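Biologist: I would like a close look at a single part of this model, taken slowly and with the terms spelled out.

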Amino acid sequence: MDNTLPTGEFDPVQLIRMMSGNGHNRLIGVKYNAHGSGWAELRLPYNSALVSDASTGILASGPIFTMMDMATSMSIWLKSGKFQPQATLDLRIDYLRPAEPGKDVFGRGECYHLTRSIAFVRGQAHDGNPDRPIAHVAGTYMFTAGA
Amino acid sequence: METNSPFARTMGFGSERDSEGRLVLTMAFETNKMGRPGFLHGGAIAGMLEAVAFATLAEALDADDNARIKPINVTVNYLRGGRDALTRARATIERLGRRVANVEAIAWQDDPDNPIAIAQMNLMLQRD
């Protein structure tokens, strides 16, 4: 874990835990895993209530989308060092292969560029081996304060 | 993904038909669909758009077609925040090929002409 992060304005672990314990993130069961300067990693525990087809046990893509939306959102606050309200403009996910049934999925979001009004993000998800990602994401967010 | 998949049940999707007989998914505004306070989570909207794209494509296949539908990618554009209201979603198949289908899905609250989000999805049709 990166401890050089400017934590003056908010505690990232506490913020991520608070966000994952509420609303839709809580329904999906997303958990905090790790973070650093400009990135956040979450964990989606395997849950048979989230599968797309009971006969295969493969997780639906929706919960992975939700986790990556949250991970990339968090990465923006970790990049800027401050919490500010924002809205997703667009998010694209490439589903490289299905997650293996029974395995937790990890999702890391990274904010790689910030302007005054827009944050550019990307990320990857894997089910145990980061070298074999199951999904890639790219997207943009807009800061909504003063909008 | 069918509209009665475990994920769809967890999400609480309902279904109805519009006047042209098209499938429409519905999702009530509930705390467990919320992201920032008072608004739907982008992930909940995306999950709904993907589900209606899957279900609409599955309906369009011939009854004896054993193709399995797998997502290749999805791009979701968020046009306005999802407020405390019933959300509906429907999908249009832009192209149905032998191996790949392209589907556009929209989600709206008051008026389908003012969607809250639009998804473009490529789906693979796998036949063995």
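How many residues does the contact take from chain B and from chain A, and what else can be said about the side of chain B that touches chain A?

Modeller: This is a predicted model, in which local features need pLDDT of at least 70 and side-chain atom pairs count only at pLDDT 80 or more, whereas totals for chains, interfaces and linings use all residues. Residues are numbered from 1 along each chain as its sequence is written, chains are lettered from A and ligands numbered from 1 in the order in which they are written, and side-chain values use heavy atoms, with hydrogens and water left out.

The contact (heavy atoms within 4.5 Å) takes 27 residues from chain B and 28 residues from chain A. Together the two chains bury about 2200 Å² (accessible area, 1.4 Å probe, lost on being put together and summed over both), with 58% of it on carbon and sulfur atoms. On the chain B side, the residues that lose the most area to chain A are B:Phe7, B:His41 and B:Tyr78, which account together for 24% of what that side buries.

The count of salt bridges (a side-chain nitrogen of Lys or Arg within 4 Å of a carboxyl oxygen of Asp or Glu) between the chains is zero. Helix H1 (6-11), helix H2 (42-60) and strand E3 (68-78) of chain B, taken as DSSP runs of at least four residues for helices and at least two for strands, each supply at least two residues of the side that touches chain A, and E3(B) gives the most, with eight residues.

E3(B) also runs antiparallel to strand E5 (residues 86-95) of chain A, joined by five bridges (strands pair if DSSP finds at least two bridges between them), and within E3(B) the residue B:Asn77 stands opposite A:Asp90.
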